[in-house]
Each structure stands twice: as C-alpha cells, then as structure tokens.
Protein chains: 2
Amino acid sequence: MTVSDRPTAVPFTTDDYAARMSRVVADAGAAGLDGVLVTPGPDLVWLTGYQPTAITERLTMLFLTAEREPTLLVPTLERPDAEAAEGTPATTLVDWTDGADPYAAASPMLRPEGTYAISDNAWAMHLLGLQSALPGSGYGSMTQRMPMLRAVKDDNELARMTAAGAAADAAYGEIVRVRFAGRRETDVAADLAGLLKQFGHEQVDFTVVGSGPNGANPHHEAGDRVIEVGDCIVLDFGGLMFGYGSDTSRTVCVGEPTAQIREVHEVVRQAQEAGVQAVRPGVVCQDIDRAARQVITDAGYGEQFIHRTGHGIGVTTHEPPYMIEGEEQPLVPGMCFSVEPGVYLAGNFGVRIEDIVAVTDEGGRRLNNTSRELHIVG
Amino acid sequence: MTVSDRPTAVPFTTDDYAARMSRVVADAGAAGLDGVLVTPGPDLVWLTGYQPTAITERLTMLFLTAEREPTLLVPTLERPDAEAAEGTPATTLVDWTDGADPYAAASPMLRPEGTYAISDNAWAMHLLGLQSALPGSGYGSMTQRMPMLRAVKDDNELARMTAAGAAADAAYGEIVRVRFAGRRETDVAADLAGLLKQFGHEQVDFTVVGSGPNGANPHHEAGDRVIEVGDCIVLDFGGLMFGYGSDTSRTVCVGEPTAQIREVHEVVRQAQEAGVQAVRPGVVCQDIDRAARQVITDAGYGEQFIHRTGHGIGVTTHEPPYMIEGEEQPLVPGMCFSVEPGVYLAGNFGVRIEDIVAVTDEGGRRLNNTSRELHIVG
C-alpha cells in the first residue's frame, strides 16, 4: 500500500451524531430506562465526536433522556473545546464553573426517582456525586443495561473498520520480512508500531511480541528478551484508524518449528476457523466461544485456553459483545468482534490466531485476511 | 543540561510500598472507614508500582482493610504482569478467571455493612457491581473521604518532583530561543514535547501554545493558527519524569507587547507572587486562592480569572488538594501544588503564570525557577 492509494474516511456529520443520539433515547426507553448518562471516552466520542483534552476530575456529562433535547454539561473552561466538536451543535450546552457543585448542576436533568444507564468508565466519584444528590435515583452500567449501544456499525463505520483491518494486515505482511532472531521483543514491537502508523493508523494501542515462554502469558506485551532460533512468537497488534479499531494476531516461528508447535498451532487454527464459521445473524455470542473451544478441548488443550474467545471492537479495541460462555446476546448484522482462541503452555510457548469478523446477512466477513498458516520467519 | 549530568531517581522498594499501604490503612481507620479500594491508575501506581498494560472492563482492585493483609485481585491472565511489580510482593494476590463474577470474588474482602473509600477514577461499572453484590455496603470517593491520600510527598518523591520541575525549566529555557512568528502553534508544541523528552521526561501530558485569541481559552492546547508578530502566547506544559509530574506556564510576546499586554501580565505576575508568598504550613488552601485572586480583583480583572488558582500534583498532574474557595484543608510540609492565576480577555489574549510549589517547614519552595517577567520571543 502506498500513500497515494491510502483510503480516506467519509466524515461523520452533525446529523449523523444527532441520529445516534435519538436512537439511543429510543433504545433506552425500550430498555425501561429514563435515560443514558455519557461521560468522556468512547461513548461520548461515538455520540458527539467530542473528546476533552484530558479526562479529569471535572465533570463532563451528556444527558440523553426522553423529556428534553440532548444536553451536554461541561466545565466552563472546556466549553470552547466542546463547542468545536462536530456533534455538539445537536446538543444544548450547559456549563458549570470551578467552585460550583457539578452534581447540583446535573440534578435538573434527571428525575429524582429515575433509572439511568451510565458509561462503564464514568468515574466512581461522579456516580457517587449523582447518587448523593438524588438518593432516589438508580443506575446501571452501560454494559449491563445498554450493552449494544455501539455494537452495530453502520456502513461508514464498517468502511473504517475494514480500512483499519487492511492496514493491520499490511503491517503483518511487512513484519514477517524483518529479522527476528537476535533482536529483542521490544525491537520487533517498535517495528510493528511504526508499520501500523505507516499504513494509516493514528494511534497504536498494543504491539504484543510474546516469544518463547513469554508467549504463554496472553497479556505479555514485549520485553527485553532476545528472540532465539526455534522460538514460537505470538504477534498481537492493533490501534485506531479513522477512529476505529484494528486487532489481529498471528503466531510465527523462527526457523523450523517443533512437532509440538506445529500440532498446537494447527489446533488453534482449526478452532479459530470453527469460531468464524459459526458466525451468522441470530447465533448467540456464547456459541462462537463454544465452537472454538470445542476444537481445543477435543484436542486435549482445554485447560490451556484460559480466556474468552473474543470481544467487540469499534471506537475502542475492547467492548461488548463478548464471545464468552453465558453471553446470550444474538448476533446482528453490523456487529464487529474478534475471534481469537489461544493455547498457552506455561514456561514453554503460546499460540493465538485472531481476526476481526463483521456479521453480515449471510454469515461473517473477516476484516483480517493474511494467511493463518504457521509462518516461518528469520 | 547534558545527558551525563541528568539526574537519576532512587528506586522505590517493596518496603516503601508496604509502608504506604500500612499508613493508608491507619488513615482510613482514623477517617472512620473500613478500608480503601484502589483501582488501576495513579492510586494503584503509588501504592504498589503496578500499572496494568491497559485499563479495561476486567476488574483489578487492591483492598486495604484493617482485618486482612493488603490483597490485590487481578484477572488471571494479568497475574504475571501484576507479580512483576515492585510493590505487589507486599500484597496477597488473588485472581479471577474470565466468565467468573469478579464482584463475587471481591465480596469476601469487604464487610457487608462496611464503608469504603474508592479511587476517584474507578469505573462506575465496578462500583455498581460492588453495590449490587453488597447492598448494605457504602462508598465515598477518595477525593471526598481520603483527599490527602497521596498529597504529602516524602524525600524521594520530592527529589523526583524537583527533577521534573528542573527539566521543565530547561525546556522553557530552550523554547524561548526557537522561532515563533510564522509557525503554527502545533509546531511550537511539538518542539516543547521534544524538549521535555530531551531533558528526561518519560511522558508528555500537555503542551499548550495559546497564541493571540487562543490564549484566552485556558484549556486550548495547540492548533493550526499561525503565530503573528505582536501575539501574546500562553505556554503551559508538563508531563511525568521518574513517575512524577511537572507543570509550568509562562506567557511570552512575539516582538513588542502592547501596553495592555504589559499591564495584564504584570497583574498576573503579582497575583502569582502573592499566591506563592502566602504558602506556609497551617494556611488553608482557599487562602492561596484568595491571595492571588485579590490582586487580580483589585486590578479590575476579577471576572476574567475564570478558574481556581491551583491543583495538587504528584503521580498525576491534577489531584487534591485544590487551591479554591471553600477548600479548608491546611497545608502540610511535603504537599506540592500549582499556583497559576490567569486573566483571559475573550477574543483578544490571555496571560497565565504557573509554578509548582512544595510546602516546607518555613513556607513554600518553588520547583520552577525560570524568569516570570514578560519574555520577548522572535
């Protein structure tokens, strides 16, 4: 991919944001809620395009309720920044000044006995402030009460997700050509970060390079370990492009793999394939987990698959819906999530293979399309 | 400052972290609490040195209570990372696996009718999970119940704060030598970020370059505006060095300032001086705000000083105590905070002057020591 054929994104308009806000108000009503309270972070970015310079102790909150127009409460000194966002013209801006009680300023927007969903990552301090100002009000987390808030992507969002996936694939296409043996994990991770940026990511969120025994820790990032010939290496990387996430994993081997590495890799590859093949509208999330897990359990590695099979992705790289036992949310066209089974042999090596999959009317469309065979690197 | 004379930091030991944890347990008891609940972010870094790779929906929580040793609950797949932190050997590690209920795992650590302080930035989702698992339990935010948790710095911390301040000063010493006129605010901001790193910061948190009318928005960062001769420019920058914050502001002028700029700058300079001179143990926070504000009000600009005078600083760049009307916390030796009055003339220009001040037995010691006179740049 060269600079000239780098994709561009169609901007979201104020109308797009207004439409999202009205849909959320309707969905909240259908969920038996009096409204939705949104604090800075992915929910607010998705609903208004507004991201404060820093998320601090000063309360910023968007109130989406049936009885009034969308209202955004901001600290006075952040008001100019809030006004500059694309979606905020579709809200009524209200500000509060240092020294005032922000929860008193918020109270008129809420029913004293109302029930609201609040952003998962809202600060506990702010929730406690609201609970104290309105002791009769009730709250539930967004994940619990409105888990599908951002889950179904529209065409513009899917185009961005597709571009992010293609860029991550392009980065993988280059990383397998660099030297691994004799270099530190952190060196390869730096290469990966540079490639993600080169292919259009504005933000790199993670670049896991788990070599040898480090690969058996699923959340190992990259350390000082020098990569050796014979190492099995988990690569798991992603970030944001046009504001939407990429996240893909491949496992490579430096030189000739052992029979055990080959065997485990093939088990994981088949498990991942089974998970992806199970995707279609109406299937529930836990069935994706079950499909992938069954293959690994049947091969005798069930105890070594120590995490869920996947997570939703969009304006964040981890969000509902989760592909996990117990999650009975049905899949809907437009949902995007990872399918990423793994097997982790403590002290030895790990294998993980991951694609982002978008649910279509017919099944699942992979947004990552590099080879899932065991790749030999130098 | 050259690389060879760059300061180094004395590492914090497991014993240092253990001592902090025991002090917090004692302070919590004195505050009438059954304990303190700490989630990833500055509180957890300060208490254990542990910072998860990413702060996600998976619950990580440190329980500091009188009835048991410090206990750190982590997701199973993040346990190896948690074990690697310097302070975690002073805790009992407990893990929970994907699919399990983390709030059920947390419940045995809490009294069913207990009252706890919880980290300000704990996710609302986690607080709601605890409230639901233990309906008789009660919570208050750390800022409300334990505002002085991290406020008083020990000698090792003060040495780090001093080094961070000196590095920010060194960056200012260089930035006034670069070209301003004809360049974009973002270009100067990039220079500032590079200088902070060059002088030892591991993280740059903000680089405000507010030129001309942009300077009148206190939270403007840096934009595409091309700086012109005659512009008054607010520079406000900082980040972390050895894990501790810097934050300093100076206002410069490109070429000859107008009489109005000179007048407003001198008012702010005198206000900042009055704020710093008011610092001594036993004085309450609001008196620092009053001392600085009085100068500005007397000069007729009271309505244009639209924010509090300062904020605490340590492992974050914004934390209690706040220098604001109504805050009656007395100053204690070892506290560090900003003194940063400003005057903002909408559509025209702004002026802010800021130093970090450490409270000593005798008064206040500035950690920023560059000239506070109006500096003319090119």
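**Domain and chain contacts**

A: Start inside chain A. The side chains of A:Glu157 and A:Arg20 meet in a salt bridge, 3.9 Å from N to O. Bear in mind that this is a predicted model.

Q: Which domains is chain A divided into?

A: Domain 1 covers 14-145 and domain 2 covers 155-377. Their centres, taken over C-alpha atoms, are 34 Å apart. Domain 1 of chain A puts 4 residues into the contact, and domain 2 of chain A puts in 5 residues.

Q: How many salt bridges across that domain interface?

A: The rule finds 1 salt bridge there. The count of residue pairs in polar contact is also given, at 1, with both residues at pLDDT 80 or more.

Q: What area do the two domains bury?

A: About 370 Å² between them, with 66% of it on carbon and sulfur atoms. On the domain 1 side, A:Pro42, A:Trp46 and A:Thr143 supply 73% of the buried area, more than any other three residues.

Q: Switching to the chains. How much do B and A bury?

A: About 3,000 Å² between them, 61% of it on carbon and sulfur atoms. In chain B, the residues that lose the most area to chain A are B:Leu77, B:Leu128 and B:His219, together 19% of what that side buries.

Q: And how many residues are in contact?

A: 35 residues from chain B and 35 residues from chain A.

Q: How many salt bridges between them?

A: The count is 2. One of them pairs A:Arg308 with B:Glu57, the closest N and O atoms being 2.8 Å apart.

Terms used. Residues are numbered from 1 along each chain as its sequence is written. Chains are lettered from A and ligands numbered from 1 in the order in which they are written. This is a predicted model: local features need pLDDT of at least 70, side-chain atom pairs count only at pLDDT 80 or more; totals for chains, interfaces and linings use all residues. Side-chain values use heavy atoms; hydrogens and water are left out. Contact means heavy atoms within 4.5 Å. Buried area is the accessible area (1.4 Å probe) that two parts lose on being put together, summed over both. A salt bridge is a side-chain nitrogen of Lys or Arg within 4 Å of a carboxyl oxygen of Asp or Glu. Domain bounds come from an automatic or database domain assignment. A polar contact is a pair of N or O atoms within 3.5 Å; within protein, one must be able to donate a hydrogen and the other to accept it, and residues adjacent in sequence count only if both atoms are side-chain atoms.
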